[in-house]
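Subject: Structure for your review

Dear colleague,

Please find below the structure that I am handing over to you. My notes on what was found in it follow.

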Amino acid sequence: MEDKPQLVLDIAGVLITNLSSSFWQELAGHAGTTFPIFIEQLSAIRIDLWTGKLKEEQFWIWLQSQYPKIDKTYAYELLERTTQLLPAIHYLERWSQHADIHLLSNHCHEWVKPILLMIEKHTESITISNQVGFCKPYREIYEIVESHMNSRTRIIFVDDQLKNFKSAVELGWETILADEQHYWIEKIDHILTVGV
């Protein structure tokens, strides 16, 4: 039997919505600051948060030290309210019959855990940046994903940001951009079910 293709999917922007501006805007309003100031402060710690240098619990402590009005429970409820499933998530079961699926995301595991519980049965591996100490677009995180693969006959990587493709291409992966109209889904479905 021929080895299955390896399908590597980003999570936010591919399977669920990215952390939306509405989430950050509402959180900024709740904190009593303006959205631009809030985003600027978050940008200063973003890489540390995504790579786990700043633990998720430390993030909330830092945020509450800046903005005492912010409540973690409220923030989690807001996150759940503003996160939406994207159409591709409903294809995972079907695709898992034709490919080994690997998830690769710059995110906090704690923030995507409810989604992962829904879909992990269809995946071979899940690599979340804050758990492994590296984030896209750095090559190390792609190599971690490769270490979970049983076969390297064909690796197809789907992400919604072009900047994340460089290391994947260097490793010989095929890349497909997840467009906002979700045309990419039909392309992947055709590749996996027809084999072209």
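Across which strands does helix 10 lie? Helix 10 (residues 183-194) lies across strand 1, strand 4 and strand 5, and helix 10 runs at about 145 degrees to strand 5. Contact here means heavy atoms within 4.5 Å. Axes are lines fitted to C-alpha atoms, for helices over the stretch in contact, and angles run from 0 to 180 degrees between N-to-C directions. Helices (H or I, at least four residues) and strands (E, at least two) are DSSP runs, numbered from the N terminus.

Please note that this is a predicted model, in which local features need pLDDT of at least 70 and side-chain atom pairs count only at pLDDT 80 or more, while totals for chains, interfaces and linings use all residues. Residues are numbered from 1 along each chain as its sequence is written, and side-chain values use heavy atoms, with hydrogens and water left out.

Five strands, in the order 3-2-1-4-5, form an open sheet with parallel pairing; two strands pair if DSSP finds at least two bridges between them. Strand 3 (125-128) and strand 5 (174-177) are the edge strands, each pairing on one side only. On average, neighbouring strands of this sheet are turned by 20 degrees against each other, direction ignored.

Strand 1 pairs with strand 2 in the parallel sense over four bridges, and Gln6 stands opposite Asp100 in strand 2. Strand 1 is also joined to strand 4 by four bridges, and these two strands run parallel; here Leu7 stands opposite Ile156 in strand 4. Gln6 and Val8 point one way from strand 1, Leu7 and Leu9 point the other way, and all are buried. Buried means under 20% relative accessible area, exposed over 50%, and partly exposed in between (1.4 Å probe, protein chains only).

Strand 4 (residues 155-159) and strand 5 run parallel and are joined by four bridges. Within strand 5, Thr175 is the bridge partner of Phe157.

Helix 8 (residues 139-146) lies across strand 1 (6-9), strand 2 (100-105), strand 3 and strand 4, and runs at about 155 degrees to strand 2. Glu146 has its place in helix 8. With a relative accessible area of 12%, Glu146 is buried. Leaving aside its neighbours within four places in sequence, Glu146 is in contact with Arg152, Ile155, Leu171 and Trp173.

Aromatic pairs

A search of the whole structure finds 15 aromatic pairs. Rings of Phe, Tyr and Trp (its six-membered ring) pair if their centres lie within 6.5 Å; planes under 30 degrees apart count as stacked, over 60 as edge-to-face and the rest as tilted. The ring centres of Trp60 and Trp111 are 6.0 Å apart and the planes stand at 55 degrees, so this pair is tilted. The pair links distant parts of the chain, with Trp60 in helix 3 (residues 56-66) and Trp111 in helix 6 (residues 109-119), 51 residues apart. Both Trp60 and Trp111 are buried.

Tyr142 and Phe157 form an edge-to-face pair, 5.9 Å centre to centre with 90 degrees between the planes. This pair likewise links distant parts of the chain: Tyr142 is in helix 8 and Phe157 in strand 4, 15 residues apart. Tyr142 and Phe157 are buried.

Ring pairs also link Trp50, Phe59, Trp60, Trp62, Tyr76 and Trp111 into a cluster.

Helix packing

Two packed helices are described by the angle between their axes and the distance between the axes. Helix 3 and helix 4 (residues 72-82) pack at about 115 degrees, with their axes 11 Å apart. Helix 3 is therefore roughly perpendicular to helix 4. Angles under 35 degrees count as roughly parallel, over 145 as roughly antiparallel, 65 to 115 as roughly perpendicular and the rest as oblique. Glu56, Glu57, Trp60 and Gln64 in helix 3 meet Lys72, Ala75 and Tyr76 in helix 4.

Helix 2 (residues 35-50) packs against helix 3 at an angle of about 160 degrees, with the axes 12 Å apart. Helix 2 and helix 3 are therefore roughly antiparallel to each other. Phe38, Gln41, Leu42, Ile45 and Leu49 of helix 2 make the contact with Phe59, Trp62, Leu63 and Gln66 of helix 3.

Yours sincerely
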